[in-house]
Amino acid sequence: MSQPPTSLQIQNGTSSALGSPYINGPVQNISTSSQVPVSQGYNSQLTGPYPHLIPAKTALNPVSGQPNYGGSHMVSTLSNCQRPGQTLNRAPMASNPVTASFHSGPVPRMSPPPSQHPAATPMPSGSFLPGANPPPPLNWQYNYPSPGPQTNHCPHASSQPILSGNTDLITNHQRVSSGDPSLQNSYLKSGSAPPSVNPPLPTTFQPGTPLGPPPVAGPPPVRALTPQKSSHSTVPQPSFNSAINQEGGAPHTNNESMVTNNTYDEIEGGGFLATPQFTNKNPKMARSVGYSYPSLPPGYQNTTPPGTTGMPSSSLNYPSGPLAFSQTSLGANHLTASMRGLSLHPEGLRVINLLQERNMLPATPLQPPVPNLHEDIQKLNCNPELFRCTLTSIPQTQALLNKAKLPLGLLLHPFKDLAQLPVVTSSTIVRCHSCRTYINPFVSFLDQRRWKCNLCYRVNDVPEEFMYNPLTRVYGEPHRRPEVQNATIEFMAPSEYMLRPPQPPVYLFVFDVSHNAIETGYLDSVCQSLLDNLDLLPGNTRTKIGFITFDSTIHFYSLQEGLSQPQMLIVSDIEDVFIPMPENLLVNLNESKELVQDLLKSLPQMFTKTLETQSALGPALQAAFKLMSPTGGRMSVFQTQLPNLGVGALKPREEPNQRSSAKEIHLTPSTDFYKKLALDCSGQQVAVDLFLLSGQYSDLASLGCISRYSAGSVYYYPSYHHQHNPVQVQKLQKELHRYLTRKIGFEAVMRIRCTKGLSIHTFHGNFFVRSTDLLSLPNVNPDAGYAVQMSVEDNLIDTQLVSFQSALLYTSSKGERRIRVHTLCLPVVSTLNEVFLGADVQAISGLLANMAVDRCVTASLGDARDALVNAVIDSLSAYRSLVLSNQQPGLMVPFSLRLFPLFVLALLKQKSFQTGTNVRLDERIFAMCQVKNQPLVYLMLTTHPSLYRVDNLSDEGALNINDKTIPQPPILQLSVEKLSRDGAFLLDAGSVMMLWVGKNCGQNFLSHVLGVQSYVSIPQTMTELPELDTPESARTVAFISWLREQRPFFPILYIIRDESPVRANFLQHMVEDRSESALSYYEFLLHIQQQVNK
Ligand SMILES: [Zn+2]
């Protein structure tokens, strides 16, 4: 039964109603602390805006006036790299096997336009394009508002041109999605209600306990049902590998000739969540109150307010680590709702007055809450680093969820590098015949031969092969199979899971070689990195590689085995790009390795004298797409300026004096060219990663679409220059190493299923939603995160546990088809208090950030900021009025949400959402890309950095890793109050670290760690710690190195003193302090309190 879609109500935040004090209010006292006498300078930049503008040596021509060189291309060898070379005749069109057809490849089926299925199409998937979403509701919906027919990513109902062909990608979600067509007649189709023949039964999960009669020797007689019988009539001996490196092993290419007409949707299988039943929702306005801020005394300095003095410093010592749940050891099947809530740690039940307890930040990294489950279930649960939910106690009805005013959603890091991953090789992958869920630790075995799906409750037979446990080599123990003992597992996929033979790893590099690009010197770095890492590229003997360079023309490189040197082919017709000699441009890396190395050594020198300032990025991308279409693969594009020639040419849009405005900034793409091309790429299993190395505005809002919709990534190196900005060079080299050598999955799809009654309606991340809920990921990498929003469609009153399962089907770089499955189990609760107690504040903040990026684009930055603030006000108001029995003064919050206001304030000060003149447009867009694409842990670190005192590091509580001692200093509040002039403090903001050295910092630290004589001899731009032969240096270097090793990107380290230009940037990260355009934490709390108590 669907509940009325009342959802989080947000003010209709017109800018005027915002009240100027909040957005751009006067800063009454810029100096944030008398303790740290710093000069004013909040406007100074980390690096000056666009410091490396490189004058064009020739005047730019208008795009329309470009000479068309006609259908000719030139060839020159690298020994003669002065263009032009020989002119060849155009290759016959027929030699190009590629068409730009939208439907070639694995999306062969046409489907009706989405308008025929208005009720079944989900919310646009995490899009931050304006045309991709309907006009936003006045209030922020946590719930799906069902505004009418929608296509997921594609623009519609907007002024943006409708993408031709895009609707065809939306396949009909109601298609039967069994992986084995032969089974379809026997079972209820997905999308239907749970099978009536198997009504829901009480959960009878009994981990570790054999059910049914004791196993007899030898396998029992085979039952009638043998799934996947089409290609596996025999029952081979299953093998189970607990592989540390799951990439190992021989290529799994036994189906080279297999051709099926399936789509990935059918292969991966559908589920009943593919038919969400959205009802029309009428967002109601609950509040229409303008902001009015508490007046603060002039000169208010973010100090402890009167009446709250004397907060003991011991409040720093927050209990770290998971809350300890202690339950009596009952069988999991005895778990009842009445038991829940009793086992919470007393600390977790505390109600906190934030106005009195000002420092709630734990001294160690905040741990996610542990779901209130029986320990037998919880010990099998998925690692929260991989899969977590905003609410670890799921409300049993949408009405209850609506009351809590908290967003319900999942945050995933599905392809994370894992030290240990069980890998199952078996011809029978056991899945529910109704909803296609993979068997997992939270199913229940009714007896030895039957298991009940924990998502749709269908009772399934246990296949014969599954009766054998390869770990114990015993028959009759299906419940002890690795699939039932591990919430995270990987399957080697049999041929049913392939649409075509697994593709080879294909890497194509596309380099900007215009004058501007050469001037930055990036090509040397990138080519050198490639040379260094060529043998580490994930792949096998089938790996292919190719290169394209471009300026106003496009240059290909023939690397055919047998050539004495690479051959350059220049195509000057950018209007209708064709591929010369396509068979020699993407070559086998092993066979042509020497030619590839030759090319990489000579490329940086080939264009040093170029005067060409124009950039035909769009045509180059089209060429690259054509080249890769037959196979799919990864396209890595390096661009250094605004493309200004041919299709996809862009114009400058940034107006520096409008940066401060909360409206009127260009967050939306100016052309749909890049998005269209990305969708073409997605259809051909090509992902595009964009490396933008530009000191000038490059319209990342438009360019970024090429990666966003093709499941690529965006890397941004503002003001990259090999001489002027050496730290960026270091950063690029380190990150390229990671990029080139990390694990990669090709031609991937991901589907997330959840227990019947719950419904997924909005996706966030970089991908394309191919059918209702199937995410198309031409590439998947271990550093990408995803989020989804959910609602409670049907009451879960008879349900005690719900489960969520993500399944990622991909081709490994070794050519194996694999499926990585994560399953998360959570309890269902019936009271609002329990919902609040189980709230995961980091996951909530992360999901809200994703939603706010969407809101920025569909509405405005101001709207998004309002929505963030209102999320805090609404949930705390609900807590105050509906949970707390006695109304106390102050700002009362449940323990679980004690950091909610702080994290939301930090989001408001994050680059994506901050106001003020500091943020350049491309930097803001990049920050938004990061919100969408980063795993939660990095998003939170970027938003709320960690601050440590490092001049007194000790070995107390230190970690010991590989015989190295890693100090673990406590995390401090982000306020200058925590700084002192006699110390040194490290701010770790994810992609950047700043080591602030106080004026009176002890000589010990200066000489033994920094290696300088005195404070004044600290260099203005110091970006590296010397490795000195002192214990202090060893500790500091070990700590910073350890922090860096935790993440896939390379944080630049700035060592700063008060005169440093980076100092202002450091102070901006002090999110608890008042800044030019934002409240201090205490002011923010007062504002929240005032709104909550209305
Ligand atoms: Zn099922």
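Predicted model: local features only at pLDDT ≥ 70, side-chain atom pairs only at ≥ 80, totals over all residues.
I count a residue as buried when its relative accessible area is under 20%.

**Entry 1: E793**

Is E793 buried or exposed? Its relative accessibility is 6%, and the cut-off is under 20%, so I put it down as buried. I then looked for a partner and got the side chain of S791, which makes a polar contact with the side chain of E793 at 3.3 Å.

**Entry 2: E490**

Next I looked up another glutamate, E490, which sits in strand β14 (residues 488-492). E490 comes out at 0% relative accessibility, so it goes in the buried column. Which side chain does the side chain of E490 make a polar contact with? I found Y810, with 2.8 Å between the two side chains.

**Entry 3: the zinc site**

Then I turned to the zinc ion. Its protein donors are the SG atoms of C432, C435, C453 and C456, and they lie 2.2 to 2.3 Å from the ion. What arrangement do the 4 donor atoms make? I read angles of 98 to 115° around the zinc ion, so I call the arrangement tetrahedral. Along the sequence, I note the donor spacing as C-x2-C-x17-C-x2-C. I also marked one pair as linking distant parts of the chain: C432 is in the loop between β8 (423-425) and β9, while C453 is in the loop between β10 and β11, 21 residues apart.

I checked burial for that pair as well. C432 has a relative accessible area of 0%, so I list it as buried. C453 is at 1% and therefore also counts as buried.

**Entry 4: the sheet β9-β10-β11**

I see an open sheet of 3 strands, ordered β9-β10-β11, with antiparallel pairing. Which are the edge strands? I have β9 (444-447) and β11 (459-461) down as the edges, each pairing on one side only. Ignoring direction, neighbouring strands of this sheet are turned by 35° against each other on average.

I looked at one of the pairings in detail. Strand β10 (residues 450-452) runs antiparallel to β11 and is joined to it by 3 bridges. For W451, I found the bridge partner N460 in β11.

**Entry 5: β23 and its partners**

How many residues of strand β23 (residues 745-754) are buried? I got 10 of its 10, so under the cut-off at the top of the page the strand is mostly covered. I followed two antiparallel pairings from here. With strand β26 (residues 774-780), β23 pairs over 6 bridges, and I found G745 opposite V780 in β26. With β28, β23 pairs over 8 bridges. In that pairing, I noted S806 of β28 as the bridge partner of I752.

**Entry 6: helix α17**

Last stop was α17 (residues 841-858), a helix of 18 residues. From its first C-alpha to its last I get 25 Å, close to the 26 Å expected at 1.5 Å a residue. I also looked at its burial: 18 of the 18 residues of α17 are buried, so I describe the helix as largely enclosed by the rest of the structure.

How values were computed. Residues numbered from 1 in each chain as written. Heavy atoms only, no water. Pairing = 2+ DSSP bridges. Helix = DSSP H or I, 4+ residues; strand = E, 2+ residues; numbered from the N terminus. Axes fitted to C-alpha atoms, helices over the stretch in contact; angles between N-to-C directions. Buried < 20%, exposed > 50% of the residue type's maximum accessible area, 1.4 Å probe, protein only. Polar contact = N/O pair within 3.5 Å; in protein donor to acceptor, adjacent residues only side chain to side chain. Expected span 1.5 Å × (residues − 1). Donors = N, O, S within 2.8 Å, 3.2 Å for Na, K, Ca; no water. Tetrahedral: all angles 85-135°; square planar, octahedral: opposite > 155°, others 65-115°.
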